[in-house]
Amino acid sequence: MSATTFFGGGEGRGRGLPSLAVFVGASYLVAIAGSAAASDAGALYSSLERPPWAPPPWLFAPVWTVLYGMIGVSAWLVWRRAGWDARTALLWWWAQLVLNALWTPLFFGARQYGLAFLDICLLLLAVVVTMVLFWRAHRAASLVLAPYALWVAFASALNLNLWMNNA
């Protein structure tokens, strides 16, 4: 597969690097908002009763840094290929980003583990729907979201465990 095939040729007006910056930038704004909403997240996470399979606190930042970049690139690939014809898929992409942004303040800021679990379940659903819709527009863009979906599924199980063990 060539780079042109993967990145989806047919770049339309406004679908080049500036739009990549918008999609990736929006993803990283969610990360920045999350870290601002929970400045003591590491300490809180360390204080919780965690299962043996829980990742160490230091692992979350590098994993999310990579995932947020991939989330942005996936939307850009769809936008670049389909533009406004993919508006439903892109609306789902924005919806999952909003749900993603809500989780950190719910879990770490408000310590509402049950509401955070509901949010992350809705997030996982939105990511899967986004992947299905992206598949129709740009298969590689859908596959770029696969690690994100797997991480959110894992995080959902972890959230449930933390809620049950720390309520």
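Guide: What follows is a set of questions about labels, and the model they refer to is a predicted one.

Visitor: Why is W93 called buried?

Guide: The relative accessibility of W93 is 0%, and buried means under 20%, so W93 counts as buried.

Visitor: What makes W93 stand out in the nonpolar core?

Guide: The largest nonpolar core has 50 residues, and W93 is listed with F107, F108, F134 and Y148 as those with the most contacts inside it. The elements that give two or more residues to this core are α2 (17–37), α3 (41–47), α4 (60–82), α5 (87–109), α6, α7 (139–144) and α8 (146–166). Leaving out residues up to four places away in sequence, W93 touches F23, A26, S27, I71, G72, S74, A75, T130 and F134.

Visitor: Why is the pair of W93 and W94 called edge-to-face?

Guide: The structure holds 16 aromatic pairs, and in the pair of W93 and W94 the ring planes stand at 85 degrees, with 4.8 Å from centre to centre.

Visitor: What makes F117 and W163 a tilted pair?

Guide: Their planes are 35 degrees apart and their centres 5.9 Å apart; under 30 degrees would count as stacked and over 60 as edge-to-face, so the angle falls in the remaining class, which is tilted. F117 lies in helix α6 and W163 in helix α8, so the pair ties together parts that are 46 residues apart in sequence. W163 itself counts as partly exposed, at 29% relative accessibility.

Visitor: How do you know that D40 and R111 form a salt bridge?

Guide: The closest N and O atoms of D40 and R111 are 3.5 Å apart, and the cut-off is 4 Å, so the pair qualifies. The structure holds one salt bridge. This pair links distant parts of the chain, with D40 in the loop between α2 and α3 and R111 in the loop between α5 and α6, 71 residues apart.

Visitor: What makes the phi of R111 worth a remark?

Guide: Most residues other than glycine have a negative phi. The phi of R111 is near 55 degrees, a positive value in a residue other than glycine.

Visitor: Why is T104 called buried?

Guide: T104, which is found in helix α5, has a relative accessibility of 16%; the limit for buried is under 20%, so T104 counts as buried. Beyond its neighbours within four places in sequence, T104 is in contact with G34, A38 and G109.

Visitor: How do you know that L115 can belong to a surface patch?

Guide: L115, in helix α6 (residues 113–137), counts as partly exposed because its relative accessibility is 46%, and a patch residue needs over 30%. L115, L118, L122 and L125 form a nonpolar patch on the surface, with about 370 Å² of accessible area together.

Methods:
Residues are numbered from 1 along each chain as its sequence is written. This is a predicted model: local features need pLDDT of at least 70, side-chain atom pairs count only at pLDDT 80 or more; totals for chains, interfaces and linings use all residues. Side-chain values use heavy atoms; hydrogens and water are left out. Patches are made of residues with over 30% relative accessible area and no salt bridge: like charges are joined within 9 Å, nonpolar side chains (Val, Leu, Ile, Met, Phe, Trp, Tyr) within 5 Å. Accessible areas come from the Shrake-Rupley method with a 1.4 Å probe; for residues, only the protein chains shown count as cover. A salt bridge is a side-chain nitrogen of Lys or Arg within 4 Å of a carboxyl oxygen of Asp or Glu. Helices (H or I, at least four residues) and strands (E, at least two) are DSSP runs, numbered from the N terminus. Buried means under 20% relative accessible area, exposed over 50%, partly exposed in between (1.4 Å probe, protein chains only). A nonpolar core is a set of buried Ala, Val, Leu, Ile, Met, Phe, Trp, Tyr and Cys residues joined through side-chain atoms within 4.5 Å. Contact means heavy atoms within 4.5 Å. Rings of Phe, Tyr and Trp (its six-membered ring) pair if their centres lie within 6.5 Å; planes under 30 degrees apart count as stacked, over 60 as edge-to-face and the rest as tilted.
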